[in-house]
Amino acid sequence: MRAWPVRKPSAGGRRPAVFLDRDGVLVHNRSGYYLTDPAKMRIYPFVTRALRILSAAGFRLIVLTNQSAVARGYMTLRTAEEINRKLARLLRKEGAILDGVYFCPHGPDDGCGCRKPGTGLLKEAFRDFPTPRGGSWMIGDKFLDLRLGRAGRLKPVLVLTGQGKSQLRKKGRLPGGASAAANLLAAARMIKAAATGKSA
Ligand SMILES: [Zn+2]
């Protein structure tokens with residue numbers, strides 16, 4: 001298991017969190033593609049706005065991402081860290097601050113506990129950040145993110161960017177308790193409305 005917190009929890013105490021998948025949610029992604037070069041990372045244009053809405057609504061922002069390209073030998077651990085650090089830096093410049101980024105560098109056959117939908121990354125984040133599960137959410141573009149959300153007693157949201165649309169088409173319908181949103185901005189507005197009773 002490998003975790004890399006961007007910043008240590010501040011004294012803020014217990015706060016709900018929005019857990020975010022990275023590829024296909026924050027940055028461009030398509031099936032079979034591995035982001036292995038920081039220079040090729042492209043953040044969706046609506047992301048900083050969405051994250052600012054969630055921060056203002058009182059949520060911590062924590063990224064949980066599978067990066068099996070490390071185990072597959074497509075990039076080094078160092079490059080994987082560099083991509084995550086660059087993401088955090090670019091978002092911060094736009095006023096969207098990530099509390100942490102946790103990633104699994106293992107492959108599907110490594111039997112680790114951190115590869116999603118395993119709950120290792122989530123457990124690690126819970127240890128670092130006191131988080132009430134009830135008011136917390138999990139946003140991803142894959143059904144495995146929804147499964148992780150349910151396993152962690154978070155509210156799962158599928159975004160239709162990245163592989164979201166094709167995943168939904170393939171599976172036919174959302175699992176019980178999950179919602180869908182066109183993209184991260186739509187998801188952020190929905191979550192804010194649910195949390196505060198006001199729309200963004
Ligand atoms: Zn792992």
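Two strands are said to pair if DSSP finds at least two bridges between them. Helices (H or I, at least four residues) and strands (E, at least two) are DSSP runs, numbered from the N terminus. The structure shown is a predicted model, in which local features need pLDDT of at least 70, side-chain atom pairs count only at pLDDT 80 or more, and totals for chains, interfaces and linings use all residues. Residues are numbered from 1 along each chain as its sequence is written, and side-chain values use heavy atoms, with hydrogens and water left out.

**View 1. Strand 5 and its two neighbours.**
Strand 5 is joined to strand 6 by 4 bridges, and the two run parallel. Within this pairing, Trp137 stands opposite Lys155 in strand 6. Strand 5 is also joined to strand 2 (residues 17–20), by 3 bridges, and these two strands run parallel as well. Here Phe19 stands opposite Met138 of strand 5. Strand 5 is covered on both faces: Trp137 and Ile139 lie on one side, Met138 and Gly140 lie on the other, and all are buried. Buried means under 20% relative accessible area, exposed means over 50%, and partly exposed lies in between (1.4 Å probe, protein chains only).

**View 2. Strand 3 beside strand 2.**
Strand 2 is linked to strand 3 by 4 bridges, with the two strands parallel. Ala17 has Arg60 as its bridge partner in strand 3.

**View 3**
Helix 4 covers residues 143–151, and its buried residues are Phe143, Asp145, Leu146, Leu148 and Gly149. An α-helix has 3.6 residues a turn, so residues three or four places apart point the same way. Contact means heavy atoms within 4.5 Å. Just after helix 4 comes Arg153, with a positive phi of about 60°.

**View 4. Lys40 in a loop.**
Lys40 belongs to the loop between strand 2 and helix 1 (47–56). Lys40 has a relative accessible area of 52% and is therefore exposed. Leaving out residues up to four places away in sequence, Lys40 touches Tyr33 and Leu35. Between the C-alpha atoms of Lys40 and Tyr102, which are 62 residues apart along the chain, the separation is 20 Å.

**View 5. The whole chain, for orientation.**
The protein has 6 helices and 7 strands, in the order β-β-α-β-α-β-α-β-α-β-α-β-α along the sequence. Its C-alpha trace spans about 45 × 40 × 30 Å along the principal axes. Of its 200 residues, 49% count as buried. Among the contacts in the protein with a separation of 6 or more, 70% are between residues 24 or more positions apart. The side chains include 37 positive and 13 negative ones, and the centres of the two sets lie 7 Å apart. Lys and Arg count as positive and Asp and Glu as negative, while His and the chain ends are not counted. The place of a charge is taken as NZ of Lys, CZ of Arg, CG of Asp or CD of Glu.
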